[in-house]
Amino acid sequence: MSIAIKNTLKINEIYLSVQGESTWAGLPCVFIRLTGCSLRCTWCDTAYAFYEGVDNGLEEVLAKVDACGIRLAEITGGEPLEQEGVYPLMDALLTKGYQVLLETSGAVDVARVPKAVVKIVDVKCPGSGEEARNLWSNFEKMVSHQDELKFVIKDREDYDYAKSVIQKHNLVGKFTLLFSSAFEHLKPSDLAEWITADRLPVRFQLQMHKYVWPDETKGR
């Protein structure tokens, strides 16, 4: 019974698109969106993944990913680390030669994530409503030369909070630091101006897919 559960995942969607965020932005990528998340960020754009999904066996998931014909895969959610089956999925993708990205909320321990998987870890700012869920010990379990920290900025308070986190934890030079404006909450130009005014050594980014496909909510 335990083996069956471990090798089953509740999948919201699997689709081929262009990576819209992180240092991998612009590359064709297969997205594997898992169902379920215990967080409720105020700016969340994938609330449909909280509950919607279909059980898939591991081999079924791998076959769907293989059919896309792209060797870059991102596991996302929801919060993918809330499903036990994500660990054999990551192992299997690596074994098959995929470059694997993992987008995670920062509220779940990343210690069991294979080191070869690029972890893109959120830091929840106050505007998300989930600041208390940040698991600061994750910083010690990330790989400095490849992993990335993402701050979604909703307003000036979030921006100042993100700066304080970077300073407190001495994050400059440890990881790639990504700053995104919360879509339809903060003008990207405002965030870009704050970053440049402070000479902050972070990477400003847009959610590229939302500008390319502004009317799409799923599969992009």
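**Aromatic pairs in a predicted model**

Counting ring pairs whose centres lie within 6.5 Å, I get six aromatic pairs. Bear in mind that this is a predicted model.

Start with phenylalanine 151 and phenylalanine 179. Their ring centres are 5.2 Å apart and the planes meet at 50°, so this pair is classed as tilted. Where do the two residues sit? Phenylalanine 151 belongs to strand E7, residues 148–153, and phenylalanine 179 to strand E8, residues 176–181, so the contact ties together parts 28 residues apart in sequence. Phenylalanine 151 has 0% relative accessibility and counts as buried. Phenylalanine 179 is buried too, with a relative accessible area of 0%.

Next, tyrosine 159 and tryptophan 194. Here the ring centres are 5.4 Å apart with the planes at 50°, so this pair is also tilted. It links distant parts of the chain: tyrosine 159 is in helix H4, residues 156–168, while tryptophan 194 is in helix H5, residues 188–198, which puts them 35 residues apart. Both tyrosine 159 and tryptophan 194 are buried.

Now put the four together. Phe151, Tyr159, Phe179 and Trp194 are joined by ring pairs into a cluster.

Last, the charges. The charged end of arginine 71 sits over the ring of tyrosine 98, at 3.9 Å from the ring centre. Arginine 112 has its charged end over the ring of tyrosine 87, with 3.9 Å to the centre of that ring.

Terms used: Residues are numbered from 1 along each chain as its sequence is written. This is a predicted model: local features need pLDDT of at least 70, side-chain atom pairs count only at pLDDT 80 or more; totals for chains, interfaces and linings use all residues. Side-chain values use heavy atoms; hydrogens and water are left out. Rings of Phe, Tyr and Trp (its six-membered ring) pair if their centres lie within 6.5 Å; planes under 30 degrees apart count as stacked, over 60 as edge-to-face and the rest as tilted. Helices (H or I, at least four residues) and strands (E, at least two) are DSSP runs, numbered from the N terminus. Buried means under 20% relative accessible area, exposed over 50%, partly exposed in between (1.4 Å probe, protein chains only). A charge sits over a ring if NZ of Lys or CZ of Arg is within 6 Å of the ring centre and within 35 degrees of the ring normal.
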